[in-house]
Amino acid sequence: MKETINILLVEDEPEIARVIRDYLTTEGCRVTWSSTGLEGWEDFNRDTYHLVLVDLMLPEMDGFTLCRNIRLASDVPMIIVSAHQEDHHKVSGLQLGADDYITKPFSLVEVSARIHSHLRRYRRFRNELADSGTRIDYQYGLTIDLMTQRIFLSGEEVLLTAKELALILLLARHPHRTFSKKELYEQIWQQTDVDGNNTVTVHIKSLRTKLKDTTRESVFIQTMWGSGYRFIGEQRCDEA
């Protein structure tokens with residue numbers, strides 16, 4: 001049985017959204033339409049999508065922020081569809097993790113062709129990833145299995161809460177990238193951060209305790225004072 005392509009469309013102009021949705025639906029796709037950036041982010045976290053179409057000028061949460069949030073959480077193909085034709089908008093969107101940029105007005109045939117092109121590339125990428133394995137061994141006994149989302153330390157599984165697991169997976173997927181507490185809270189808890197919120201600090205401390213990473217010289221999660229946290233685990237290179 002052929003798999004139904006599930007697409008998230010984030011577009012605040014109802015007429016444009018209807019045209020895209022109706023066209024892709026006739027091609028057999030299932031399209032979820034979100035009319036604001038915040039609604040798009042909520043819909044993205046509520047379901048599993050094969051591809052995301054994002055406008056840039058969105059209410060509540062702009063398209064750039066939405067693209068950044070989605071890319072931190074997932075490697076799903078993402079195409080920007082925008083009226084902005086300036087190069088700096090295109091560059092900014094692509095640097096945030098979008099895979100393609102289509103300017104308005106556009107051809108529905110072209111949009112469809114680009115969607116299927118990116119889906120083919122993504123399927124090949126996922127197949128190659130599965131073939132190469134997703135279990136990563138680090139120095140000091142840490143193992144992260146990205147496929148099963150399980151964490152091991154010296155061969156023993158580390159039992160983490162859902163938020164602790166989400167934190168270590170996010171940090172490990174972006175090694176040496178510093179995340180602010182605000183970014184981590186909004187990404188993991190999917191709520192707007194407020195001043196004085198100590199939630200991230202508490203969870204990072206608990207995570208470090210479980211990973212036995214509590215010494216002054218951290219080997220997995222490093223505190224960047226005044227900035228946030230980053231993952232510094234070094235992959236193990238076993239000699240043949």
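1. Glutamate 13 is partly exposed in this predicted model, with a relative accessible area of 39%. Its salt-bridge partner is lysine 104, and the closest N and O atoms of the two are 4.0 Å apart. The pair joins distant parts of the chain, 91 residues apart: glutamate 13 is in the loop between strand 1 (6-10) and helix 1 (14-26), and lysine 104 is in the loop between strand 5 (100-103) and helix 5 (108-132). Lysine 104 has a relative accessible area of 11% and is therefore buried, since buried means under 20%.

2. In the whole structure, a search finds 16 salt bridges. Side chains of opposite charge can pair when their charged atoms come close.

3. Arginine 71 and aspartate 99 also meet through their side chains in a salt bridge, at 3.1 Å from N to O. This pair too links distant parts of the chain: arginine 71 belongs to helix 3 (residues 63-73), while aspartate 99 lies in the loop between helix 4 (87-95) and strand 5, 28 residues apart. Arginine 71 counts as buried at 18% relative accessibility, whereas aspartate 99, at 38%, counts as partly exposed.

4. The salt bridge between glutamate 186 and lysine 182 has its closest N and O atoms 2.8 Å apart. Both residues lie in helix 7 (residues 181-188); they are four residues apart and so are separated by about one helical turn. Glutamate 186 is partly exposed, with a relative accessible area of 22%; lysine 182 is partly exposed at 43%.

5. Tyrosine 138 lies in the loop between strand 6 (135-137) and strand 7 (142-145), and phenylalanine 231 in strand 11 (residues 228-231), so the pair ties together parts 93 residues apart in sequence. Tyrosine 138 is buried at 4% relative accessibility, as is phenylalanine 231 at 1%.

6. Two arginines place a charge over a ring. The charged end of arginine 135 sits over phenylalanine 152, 5.0 Å from the ring centre; that of arginine 177 sits over phenylalanine 179, at 4.2 Å from the ring centre.

Terms used: Residues are numbered from 1 along each chain as its sequence is written. This is a predicted model: local features need pLDDT of at least 70, side-chain atom pairs count only at pLDDT 80 or more; totals for chains, interfaces and linings use all residues. Side-chain values use heavy atoms; hydrogens and water are left out. Helices (H or I, at least four residues) and strands (E, at least two) are DSSP runs, numbered from the N terminus. Buried means under 20% relative accessible area, exposed over 50%, partly exposed in between (1.4 Å probe, protein chains only). A charge sits over a ring if NZ of Lys or CZ of Arg is within 6 Å of the ring centre and within 35 degrees of the ring normal.
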